[in-house]
Every structure is written in C-alpha cells, then in structure tokens.
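Keep the cut-offs in view.

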Amino acid sequence: MLVALAGGVGGARLLAGLVRVVDPTEVTAVVNTGDDMVLHGLYVSPDIDTVVYTLAGRANPVSGWGLATETWTVMDELATLGGETWFRLGDRDLATHLYRTHRLAGGASLREVTAELARARGVRIHVVPMSDDPVRTCLTLAEDAPGAPAGTEIAFQHYFVRLAHAVAISALRFDGAGTARPAPGVLDAIGEAGAVIACPSNPLVSLGPMLAVPGVRDALRARRDAVVAVSPIVAGVALKGPADRLLAELGHESSAVGVARLYADWAGTLVIDEADAHLADAVEAEGVRAVVAPTVMSTPAVAASLARTVLDAAR
Ligand code: GDP
Ligand code: CA
C-alpha cells in the first residue's frame, strides 16, 4: 500500500504517473481540502476535482483546472443575471458540485462523496480528503488589493482566482485546523504504507493545510524514513502558481534547499530536479537525503519515470 499527499496539479500529475507503474488499487491519495469553498450554495473542492479529473483522463490540459470539452452556458446566463462569475464553473463541472452538495446535505461525509465521485469517473486509486471537517486556508494581504486593504484576511480562492495571486501575503492561517480530525483511515494508511509520497504540490498552501490537521505531522514523523517528497520548486521557481513567491514572502527560501528545510522533520528523502543537482549537498546538510532526477512532468512518460524514482528511493 502506498500513500500520496497531493494538492492539485502537481499532485495529480505524479499520481497519473504512479498509476502507470503500480496497481492503482494499492494507492491512497490524501488530498488537500484547504482550498474548498461554498459558491452559489454549492460545495466546491478544487484539489479533489483536479485529482479525479486528471486520473479519469478528463482534465482540461490548457487551463489546468476543470474538465476538457467544457461548455459555459450556465456561467453566461449567470453573467446576464449579474451573478458572481469570477470563479468559473463549467456546465459539466457543475454536475460534480451538484452531486457533492446534494450528498453532503443528505448526511454523507466528504470522504464518502469523494469515493463515489472517483468511482463514478472510473478512478481506481483511493482518493481521500485530508479531513471530513472544514479546514479553510486564509491569507493576510501584505499590500492593498482591489476592495481589500493591506492587513485584510481573505479566503484562498479570493487570493488565488479573484486576485490571480498577484498580491503579496504576510500571513497564512488554516481556519478550523485546530479541531479538524484526519479523515477516517488517513493516519492508519500513513502508519502502514510501504511508502509515503509527498507530491510536488505547493508546500505552504497544499501540504501546509494537511500538516496542520492534528495527528498528520506526527504520523509522518513516525514514518520519516519511508517518506519521499518531490520538490515543487525547480531552479528556484514554481512551475505553476505562487509557491515561489509565497515561500519568499513568508520568510522561507524559494529553492529545493528551502523545501528540504521545511520538510526535514517528516521527510527522509527529497527528490530534486536535475537543474538543482548542485544543491544536493545543501539539501543533505539539512538532514534530508537528496535524489536527483528529471521532475518536470511534461509528458506522462516523465511522470511515470518520476514515480519509479520515488518508489526506488523509498525502498
Ligand atoms: P494547485 O493546487 O493546482 O495549485 O497545485 P499544487 O498544490 O499541486 O501546487 C502547484 C505546485 O506544483 C507548484 O509549486 C508547481 O511548481 C508544482 N508542480 C506542478 N507540476 C509539476 C511538475 O511537473 N514537476 C514538479 N517538480 N513540480 C510541479
Ligand atoms: Ca490547490
């Protein structure tokens, strides 16, 4: 059994590689829910949907979110009504949110609904939210943004989508994390896994919320030797999104070494990109074994080869 900790795109890419090299039914993906939100009364879980859509072969390769061959009739009509359209929900994608919201309202847990959605889409790995309880990533603005002065705390999607993460941040908080429980089975899965993979996801806003759920970090620490992380920072920058800027803004180093420093207490090994081979010694000086490999998953073949590297490193 394997456990993978995943945010959105980076996590989904590595999982798509992993299912090419191991039996998918042996894989449990624990997915960030700090990005979740309720919009138009609908429960939206962006990272879970990115993972499920990607593994189902349905992800939109251009946008990096939502479904391929999407249409926008509902959003266009909503715009006519003057409704909120800054967070776009496509017609097909809406079916996911309708299904999830209806099931949650009927008393199902997010874990149960996620399993149903994954199964219905033909996904064979176990996709599990990090928690059934709400944990919401909140960011404090370091500078004025349209409609929100410096010092205001805003929700993750407000930062990420509405402000296009083009604004500096001074603090991060995971609302609800103090009392959230890991989803049923998560701690046992980490405890029993042959290997635990920390996917190349945003260290602060994708893995950060998971680590903030009581019990998760300790469970990982107890398995440190079996934990292999992949650096999402390549040559000092994020391949996508604000990870590099957030690291710098919050006092960390935007490099594979900075990632090693952040993960050192719970990850025994860090896979760093070939472009960062010269940083291997500095990573190891943080007490983390460095493995150098191509990590930019530009094709499914590279993702599969990276998955193999990660599994070899865990052995
Ligand atoms: P999001 O939820 O969609 O924003 O995605 P993640 O939480 O997965 O975080 C995005 C991070 O994944 C960024 O820091 C990227 O640099 C990283 N990432 C995305 N694709 C790759 C890849 O192919 N290789 C590596 N090493 N990192 C990646
Ligand atoms: Ca995300």
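Strand β1 (residues 2-6) pairs with strand β2 (residues 27-31) in the parallel sense, over five bridges. Strands (E, at least two residues) and helices (H or I, at least four) are DSSP runs, numbered from the N terminus. Two strands pair if DSSP finds at least two bridges between them. Within this pairing, Leu-2 has Val-27 of β2 as its bridge partner.

Helix α1 (residues 9-21) packs on the sheet and touches β1, β2, β9 (195-198) and β10 (227-230). Its direction makes about 155 degrees with that of β1. Helix α13 (residues 300-314) also packs on the sheet, touching β1, β9, β10, β13 (269-273) and β14. The direction of α13 makes about 150 degrees with that of β10. Contact means heavy atoms within 4.5 Å. Axes are lines fitted to C-alpha atoms, for helices over the stretch in contact, and angles run from 0 to 180 degrees between N-to-C directions.

Now the whole sheet. It is open and has seven strands, in the order β5-β2-β1-β9-β10-β13-β14, with parallel pairing. Strands β5 (126-129) and β14 (289-293) are the edges, each pairing on one side only. From one strand to the next, the twist averages 25 degrees.

This is a predicted model: local features need pLDDT of at least 70, side-chain atom pairs count only at pLDDT 80 or more, and totals for chains, interfaces and linings use all residues. Residues are numbered from 1 along each chain as its sequence is written, chains are lettered from A and ligands numbered from 1 in the order in which they are written, and side-chain values use heavy atoms, leaving out hydrogens and water.

Next, the rings. Rings of Phe, Tyr and Trp (its six-membered ring) pair if their centres lie within 6.5 Å; planes under 30 degrees apart count as stacked, over 60 as edge-to-face and the rest as tilted. The count comes to five aromatic pairs. Phe-156 and Phe-160 form a stacked pair, 5.1 Å centre to centre with 20 degrees between the planes. Both lie in helix α6 (residues 156-162), four residues apart, about one turn of the helix. Ring pairs link Phe-156, Tyr-159 and Phe-160 into a cluster.

Is Phe-156 buried or exposed? Phe-156 is buried because its relative accessible area is 5%, and buried means under 20% (exposed is over 50%, partly exposed in between; 1.4 Å probe, protein chains only). Phe-160, at 25%, counts as partly exposed.

Finally, the domains. Domain 1 covers 1-52 + 125-134 + 179-315, and domain 2 covers 136-175. These bounds come from an automatic or database domain assignment. The domain centres, taken over C-alpha atoms, are 23 Å apart. In contact are 20 residues of domain 1 and 17 residues of domain 2.
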